[in-house]
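Open your viewer and keep the sequence panel beside it. This tour tells you what to select next and what is there.

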Amino acid sequence: MGLNFYSLSSGSSGNCYYLGNGFHGILIDAGISAGSVRKFLKKMDIPMQNIIGVLITHNHIDHIKGLEGLTGKNSIPAFTTGKIWGSILTPKKKIPIDCIREIPLQQKFHLAGFGIEAFPVSHDAPETIGFHICAVDKKITIVTDLGHICKTAAVYIKSANLLVIESNYDERMLVNGKYPNFLKTRILSDHGHLGNHQTADFLAENINDNLSHICLAHLSRNNNTPEIALQTIHQAFLKKGITLNGHQRISVLNRSTPTNILSSVEKEYPLQSELDFH
Ligand SMILES: [Zn+2]
Ligand SMILES: [Zn+2]
């Protein structure tokens with residue numbers, strides 16, 4: 001059994017990932033409209049009915065913009081902690097009650113054949129989580145909105161084979177840029193976002209042979225470029241004398257167009273044909 005893993009969008013204009021194993025798929029975050037998800041999946045020949053859940057990291061709009069459409073029109077259940085549900089559910093947010101699924105922190109649960117664990121990260125929302133997913137032969141960690149890497153998050157990051165990690169801003173561009181001071185302070189704080197150097201230094205300190213693919217995610221449109229983010233990592237590695245082995249690679253996820261991260265399933269089977277087969 002193989003895996004398909006796509007980033008549909010990664011950045012402040014919307015975050016959404018698709019992870020499928022040829023039979024079922026899940027989404028991680030719903031920061032783009034249900035229509036955009038459907039359009040992308042159609043292109044990839046994946047029926048919307050294959051998606052049996054969407055995992056939500058926190059209540060910021062770039063992570064939940066499509067949540068009402070996915071749960072309402074498409075009846076896809078959504079999974080996050082009770083505290084995050086508390087911050088999402090307002091009288092204006094219409095989420096069908098049977099699509100609201102509460103998950104614990106740091107306790108594995110199973111969905112679509114994946115073992116999934118949510119872990120807390122430091123960010124300026126009532127609660128924010130990252131996900132560690134055991135999928136077929138890969139351990140995937142997705143951690144995209146955090147001001148610093150705490151001890152707990154570090155454990156999940158270090159145990160990944162495939163890592164999606166935030167590299168939001170170049171420090172110089174942010175400090176010298178046009179953002180108002182309060183926003184700069186917020187982004188730079190321990191509850192804001194990870195800058196290129198924070199991510200690069202952590203990776204240079206913790207890279208290991210099991211970590212084969214690093215995807216830099218949630219890049220700022222105004223305060224970063226893919227080239228600068230990559231360069232910062234390469235410089236940090238160079239400084240520590242680290243060279244990547246032939247199986248390791250680092251890439252940058254597109255901000256508002258899909259990125260193919262991994263695709264080893266030739267064709268995703270429609271749910272219907274799976275039922276027919278049985
Ligand atoms: Zn956020
Ligand atoms: Zn975000």
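Predicted model: local features only at pLDDT ≥ 70, side-chain atom pairs only at ≥ 80, totals over all residues.

**Stop 1: the zinc ion (ligand 1)**

Select the zinc ion (ligand 1) and show the side chains that hold it. Which residues coordinate the zinc ion (ligand 1)? They are H58 through NE2, H60 through ND1, H123 through NE2 and D145 through OD. The distances run from 2.2 to 2.6 Å.

Now look at the angles. Among the four donor atoms they range from 91 to 169°. Four donors count as tetrahedral if all angles lie between 85 and 135 degrees. The site of the zinc ion (ligand 1) is classed as irregular.

Turn to the sequence panel. The donor residues follow the spacing H-x1-H-x62-H-x21-D. H58 sits in the loop between strand 4 (51-55) and helix 2 (61-64), while H123 sits in the loop between strand 8 and strand 9, so this pair ties together parts that are 65 residues apart in sequence.

Are H58 and H123 buried or exposed? H58 counts as buried because its relative accessibility is 0%. H123 is at 5% and also counts as buried.

**Stop 2**

Keep D145 on screen. D145 bridges the zinc ion (ligand 1) and the zinc ion (ligand 2). The two ions lie 3.5 Å apart.

**Stop 3: S122**

Next, select S122. Find it in the loop between strand 8 (114-121) and strand 9 (128-135). At 12% relative accessibility, S122 counts as buried.

Which residues does S122 touch, leaving out those up to four places away in sequence? They are D145, L146, G147, H148, D190, H191 and G192. D145 is the bridging residue from the previous stop.

Zoom in on the side chain of S122. One of its polar atoms lies 2.6 Å from the backbone oxygen of D190. The S122 side chain also makes a polar contact with the side chain of H191, at 3.3 Å.

**Stop 4: the salt bridges**

How many salt bridges does a search of the whole structure find? It finds three. Visit them in turn.

- **R186 and D124.** Select this pair. Their closest N and O atoms are 2.4 Å apart. R186 is partly exposed, at 30% relative accessible area. D124 is partly exposed too, with 30%.

- **K93 and E68.** Here the closest N and O atoms are 3.7 Å apart. K93 is in the loop between helix 4 (82-88) and strand 6 (100-102), and E68 is in helix 3 (residues 67-72). The pair links distant parts of the chain, 25 residues apart. E68 has a relative accessible area of 29%, so E68 is partly exposed.

- **E205 and K240.** Their side chains meet at 3.5 Å, N to O. E205 belongs to helix 8 (residues 196-206) and K240 to the loop between helix 9 (226-239) and strand 13 (249-252), so the two tie together parts that are 35 residues apart in sequence. Colour by accessibility here. E205 counts as exposed, at 53%, whereas K240 counts as partly exposed, at 47%. Why do they get separate labels? Exposed means over 50% relative accessible area.

**Last look**

Technical notes
Residues numbered from 1 in each chain as written. Chains lettered and ligands numbered in written order. Heavy atoms only, no water. Helix = DSSP H or I, 4+ residues; strand = E, 2+ residues; numbered from the N terminus. Buried < 20%, exposed > 50% of the residue type's maximum accessible area, 1.4 Å probe, protein only. Polar contact = N/O pair within 3.5 Å; in protein donor to acceptor, adjacent residues only side chain to side chain. Contact = heavy atoms within 4.5 Å. Donors = N, O, S within 2.8 Å, 3.2 Å for Na, K, Ca; no water. Tetrahedral: all angles 85-135°; square planar, octahedral: opposite > 155°, others 65-115°. Salt bridge = Lys/Arg side-chain N within 4 Å of Asp/Glu carboxyl O.
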